Amino acid sequence: MKYETKVLTTKYQKPDAYGALSMPVYLTAAFEFPDAKSMSDAFCGRSMAPSYSRIANPTTTYLEERVRQLTGAVSVTALNTGMTAIAYALTAVSAAGLNIVASKHLFGNSVSLLRDTLGTFNVEVRFADFTNIKEVESQIDTKTCALFFEIITNPQLFVADIKALADLAHQTGVPLIADTTIVPFPAFHAKDWGVDIEVVSSTKYISGGGTGLGGLLLDYGTFDWSRHPSPALLSRTKRVGRKLAFTARVKTELVTNLGGLMTPQVAYMETLGLDTLDLRFRRQAETTLWLARQCQQLPEIKRVNYTGLEDNPFHELSERQFGQLPGAVFTIDVESKEKAFAFIDRLQIIRRATNLFDRKSLAIHPASTIFGLFTDEQRREMQVPDTTIRLSIGLEDGSDLLEDIKNSLN
């Protein structure tokens, strides 16, 4: 089946008593069992019955199954934020004394997680330019436990050669972990490009209306964990096999011990969001490409950055990997930070807010917000200048958005 059909035909784990067309919200902490053995089987993982909503909930499990069917993942774990998904992915593969090779052009909080949080647990982080394969390769050694990057960086909009990274990772026995939030499932199939572990902030495209926070962690079952340096993963390969050790650690250790499972209310809203994801994304991305081209004609804008533009240095690679619509976000640069602030202050239709891929268009000044606690030198190293404004494009009429941009520039 094609994506649009498949997303609407995933069956419930159990038939609903009333034949509900939308998966009900199971707003309960605990579940009753018919006997002691059934309870024991559920708690010990010998059955798929939910035992407690901190560990599994039918509404959340249904969202996971829909995403699994859409992507071909071996397992999907729905968590309460995109940052939780990143944290679980990196925690699952790391251990004291190991190192992670990560892109130096990551989202601000991803950098903080790696440098300030995992660093305190004696996990070394080696930052590299992931658009330079040789530089990435030079950072890998026998203690490297993962390569981690964003398929299109935020807000720089740099594009890495994913296939080349996957080949390098697998030749050196390292899993490739990708944050694919910026291009959704209908337009990018991570497994086809060699990604082993995918993390997604479902707050963005899948939620679609900023209705709740969520994150997804996908394991494609493509990495041989018997080759990995983590003792925790190696021990699990003996119990569950070489392909499922990562999933086993996430499901039976991290979710249970850290308590980050997505709530059933959010899972219900994001299940509804999946129904219209493809339609919304294509409309938003088409408007983004048109609007970026129009902004190139405005003299007050010094630079328009969108990989869908033919003159973008990453255009050819972006089109090969993501097609003609590489997401619904682009950036503009104006003359100074003061003019960037003035532009944002004058907007009437585009909202002054963080988040991406809401139904409403959003504007933010990354250097003073997402990267506001970094030093000037760190921002220069990550290539986040004061003159950049990030625009996430929603479902409004494109001509109205263009008028709002023109009026705010003057």
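This is a predicted model: local features need pLDDT of at least 70, side-chain atom pairs count only at pLDDT 80 or more; totals for chains, interfaces and linings use all residues.

**The sheets and their surroundings**

Ala-363 stands opposite Leu-391 in S12. Strand S11 (residues 362-364) and strand S12 (residues 388-392) run antiparallel and are joined by three bridges. The sheet that holds them is open, has five strands in the order S8-S9-S12-S11-S10, and its pairing is mixed. At its edges stand strand S8 (303-305) and strand S10 (351-352); each has a single partner strand, so one side of each is left without a neighbour in the sheet. Helix H10 (residues 264-295) packs on this sheet, where it touches S8 and strand S9 (329-333). The direction of H10 makes about 10° with that of S9.

The other sheet to describe is an open one of seven strands, again with mixed pairing, in the order S1-S7-S6-S5-S4-S2-S3. Strand S1 (75-79) and strand S3 (124-128) are its edge strands, and because each has a single partner strand, one side of each is left without a neighbour in the sheet. Neighbouring strands here are turned by 20° against each other on average, direction ignored.

S1 pairs with S7 in the antiparallel sense, over five bridges. Although S1 is an edge strand, it is mostly covered, with five of its five residues buried. Ser-75, Thr-77 and Leu-79 point one way from S1, while Val-76 and Ala-78 point the other way.

In a regular strand the side chains alternate between the two faces of the sheet. S7 can be read in the same terms. Gly-215, Leu-217 and Asp-219 point one way from S7, and Leu-216 and Leu-218 point the other way. Five of the five residues of S7 are buried, so this strand is largely enclosed by the rest of the structure. On the side of S6, S7 is again held in an antiparallel arrangement, with five bridges joining S6 to S7. Val-199 stands opposite Leu-217 in S7.

Strand S2 (residues 99-103) and S3 are parallel, and five bridges make up their pairing. Within this pair, Val-101 stands opposite Arg-126 in S3.

Helix H3 (residues 58-71) lies across S1 and strand S7 (215-219), and runs at about 135° to S1. Helix H9 (residues 245-258) packs on the sheet as well, touching S1, strand S6 (197-201) and S7. The direction of H9 makes about 30° with that of S1.

H9 contains Arg-249. With a relative accessible area of 10%, Arg-249 falls under the 20% limit and is therefore buried. Beyond its neighbours within four places in sequence, Arg-249 is in contact with Thr-91, Ala-92, Ser-94, Ser-230, Ala-232, Leu-233, Arg-236 and Leu-254.

Helix H5 (residues 108-117) has as its buried residues Gly-108, Ser-110, Val-111, Leu-113 and Leu-114. The cover over them includes S2, S3 and strand S4 (144-150) from the sheet, along with helix H4 (82-93) and helix H13 (376-382).

A further helix position is Ala-166, in helix H7 (residues 162-171). Its relative accessibility is 2%, which means that Ala-166 counts as buried. Leaving aside neighbours within four places in sequence, the contacts of Ala-166 are Leu-176, Trp-193 and Gly-194. Ala-166 and His-105 are 61 residues apart along the chain, and their C-alpha atoms are separated by 18 Å.

Last, a part of the surface. Val-74, Val-240 and Leu-244 form a nonpolar patch there, with about 200 Å² of accessible area together. Val-240 lies in helix H8 (residues 231-240). At 36% relative accessibility, Val-240 lies between the limits of 20% and 50%, so it counts as partly exposed.

Technical notes: Residues are numbered from 1 along each chain as its sequence is written. Side-chain values use heavy atoms; hydrogens and water are left out. Helices (H or I, at least four residues) and strands (E, at least two) are DSSP runs, numbered from the N terminus. Buried means under 20% relative accessible area, exposed over 50%, partly exposed in between (1.4 Å probe, protein chains only). Contact means heavy atoms within 4.5 Å. Two strands pair if DSSP finds at least two bridges between them. Axes are lines fitted to C-alpha atoms, for helices over the stretch in contact, and angles run from 0 to 180 degrees between N-to-C directions. Patches are made of residues with over 30% relative accessible area and no salt bridge: like charges are joined within 9 Å, nonpolar side chains (Val, Leu, Ile, Met, Phe, Trp, Tyr) within 5 Å. Accessible areas come from the Shrake-Rupley method with a 1.4 Å probe; for residues, only the protein chains shown count as cover. A salt bridge is a side-chain nitrogen of Lys or Arg within 4 Å of a carboxyl oxygen of Asp or Glu.
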